[in-house]
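Okay, thanks for coming, everyone. Let me put the chain up on the screen and we can walk through it together.

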Amino acid sequence: MEVGSKLGTGLLSFPVTHFDAEGRFVEADYREHCGWMLEHDLAGLFAAGGTGEFFSLTPDEVATVVAAPWPKPQVASR
């Protein structure tokens, strides 16, 4: 389905990015919050930008925040 069409089908979610007192991203809390959101039928989840934090993050931090809600791939050991 085209992105524009999908966005019109349901709830758009903009999770607040979790930071500690020193301004560091708190991935565990953010992942838990997004996990709760993803239990619902969402049309889209907009990480690292819906609440204005995008301009406070480095490009590497944006990539980390955007990837955080999704399960990390498992690497098979040999």
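So, one term before we start: I call a residue buried when its relative accessible area is under 20%, exposed when it's over 50%, and partly exposed in between, using a 1.4 Å probe and protein chains only. By that cut-off, buried residues make up 23% of the 78 residues here.

Keep in mind that this is a predicted model: local features need pLDDT of at least 70, side-chain atom pairs count only at pLDDT 80 or more, and totals for chains, interfaces and linings use all residues. Residues are numbered from 1 along each chain as its sequence is written, and side-chain values use heavy atoms, with hydrogens and water left out.

Going along the sequence, you get α-β-α-β-α; helices are DSSP runs of H or I with at least four residues, strands are E runs of at least two, and both are numbered from the N terminus.

Now, salt bridges, meaning a side-chain nitrogen of Lys or Arg within 4 Å of a carboxyl oxygen of Asp or Glu. How many does the structure hold? Three. Arg24 pairs with Asp20 at 2.9 Å, N to O, and also with Glu22, where the closest N and O atoms are 2.9 Å apart. Arg24 is partly exposed at 49% relative accessibility, while Glu22 is exposed at 58%.

Then there's Glu27 with Arg31, closest N and O atoms 3.2 Å apart. Those two sit in helix α2, four residues apart, about one turn of the helix. Back to Arg24: shared partners join Asp20, Glu22 and Arg24 into one network.
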